[in-house]
Amino acid sequence: MAKCCINPSILSADFANLEAELHRISNADAVHVDVMDNHFVPNLSLGLPVVSRLQEISPVPLDAHLMIEHADRWAPAYADAGVASVTFHAEASIAPIKLARELRARGAKAGLALRPGSGVEPFLDMLSEIDMLLIMTVEPGFGGQEFLDLTLPKIRRARAAIDASGLDVALQVDGGITEDTIWRAADAGANVFVAGSAVYGAEDPAGAIERLRASGRR
Ligand SMILES: O=C(CO)[C@@H](O)[C@H](O)COP(=O)(O)O
């Protein structure tokens with residue numbers, strides 16, 4: 001695998017010491033920021049003002065995952081805040097191609113996310129409009145869940161379509177990623193991995209990132 005990017009999810013971090021927590025994972029490729037609105041998912045996390053502040057203090061680029069309704073309305077502001085990669089849910093967007101173009105026009109990479117139960121096929125014709133496809137490997141909303149094996153065939157189909165397209169689209173997976181599951185997602189074709197509990201639950205988050213990389217490349 002050419003790439004095995006690990007993006008720790010700050011949902012699992014100690015929010016009281018966020019700046020210190022961010023510096024403990026400075027060997028990560030990006031930090032995955034879970035934005036939840038308590039409507040699209042049954043959980044509430046943080047919003048644009050906090051993400052903007054994180055943007056200022058993070059030693060690595062931000063990878064914002066918007067688990068929010070009305071993505072078309074709210075996502076562009078995250079690109080304007082300088083977030084490197086902004087991922088919105090296909091299920092929360094009325095015009096995903098238009099939104100992806102808008103994010104890119106504002107200088108961000110555009111990501112499209114799918115819930116475990118959403119098919120990938122309806123979105124394969126927009127691969128040229130996005131920089132990353134995120135296949136959720138748990139039901140979005142909470143950290144600490146079990147990796148859903150039923151998502152593996154979808155990851156394989158997405159990988160085949162990306163390879164056939166010849167486009168440089170990252171394939172991200174998020175949820176239940178551990179040293180035991182990362183290699184299976186990698187084997188199916190994922191190359192960007194979000195890990196919350198496996199990183200922040202470890203005594204040495206930087207070491208956990210390296211162990212995940214090694215397992216993802218095996
Ligand atoms: O967005 C989500 C869940 O909605 C994920 O980013 C999780 O926060 C990842 O945490 P772990 O499953 O790795 O503990």
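The model is predicted, so local features need pLDDT of at least 70 and side-chain atom pairs count only at pLDDT 80 or more, while totals for chains, interfaces and linings use all residues. Residues are numbered from 1 along each chain as its sequence is written.

The protein chain contains 8 helices and 8 strands (DSSP runs numbered from the N terminus, with H or I over at least four residues for helices and E over at least two for strands). Its C-alpha trace spans about 45 × 40 × 30 Å along the principal axes. Of the 218 residues, 48% count as buried (buried means 20 or more other C-beta atoms within 10 Å of the residue's own, exposed means 12 or fewer, and partly exposed lies in between, with C-beta atoms placed from the backbone). Among contacts with a separation of 6 or more, 60% join residues 24 or more positions apart (a contact requires C-beta atoms, placed from the backbone, within 7 Å).

Turning to the ligand, 22 residues surround it, and the closest are Ser9, Leu11, Gly143, Gly196 and Ser197 (a residue is near a molecule if its C-beta atom, placed from the backbone, lies within 6 Å of it). By class, this shell has 8 nonpolar, 12 polar and 2 charged residues (Ala, Val, Leu, Ile, Met, Phe, Trp, Tyr, Cys and Pro are nonpolar, Asp, Glu, Lys and Arg charged, and the others, Gly among them, polar). Strand S2 (31–36), strand S8 (192–195) and helix H7 (197–200) each supply at least two residues of the shell.

Glycine 143 lies in the loop between strand S6 (132–136) and helix H5 (152–165). It counts as buried because it has 22 C-beta neighbours inside 10 Å. Leaving aside residues up to four places away in sequence, glycine 143 touches Ser9, Leu11, Ser12, Gly196 and Ser197. Glycine 144 is also placed in the loop between S6 and H5, but with 13 C-beta neighbours inside 10 Å it counts as partly exposed.

The largest nonpolar core has 69 residues, with Leu66, Val86 and Phe193 making the most contacts inside it (such a core is a set of buried Ala, Val, Leu, Ile, Met, Phe, Trp, Tyr and Cys residues joined through C-beta atoms within 7 Å). The largest share of this core, 5 residues, comes from S6.

Terms used
Two residues are in contact if their C-beta atoms, placed from the backbone, lie within 7 Å.
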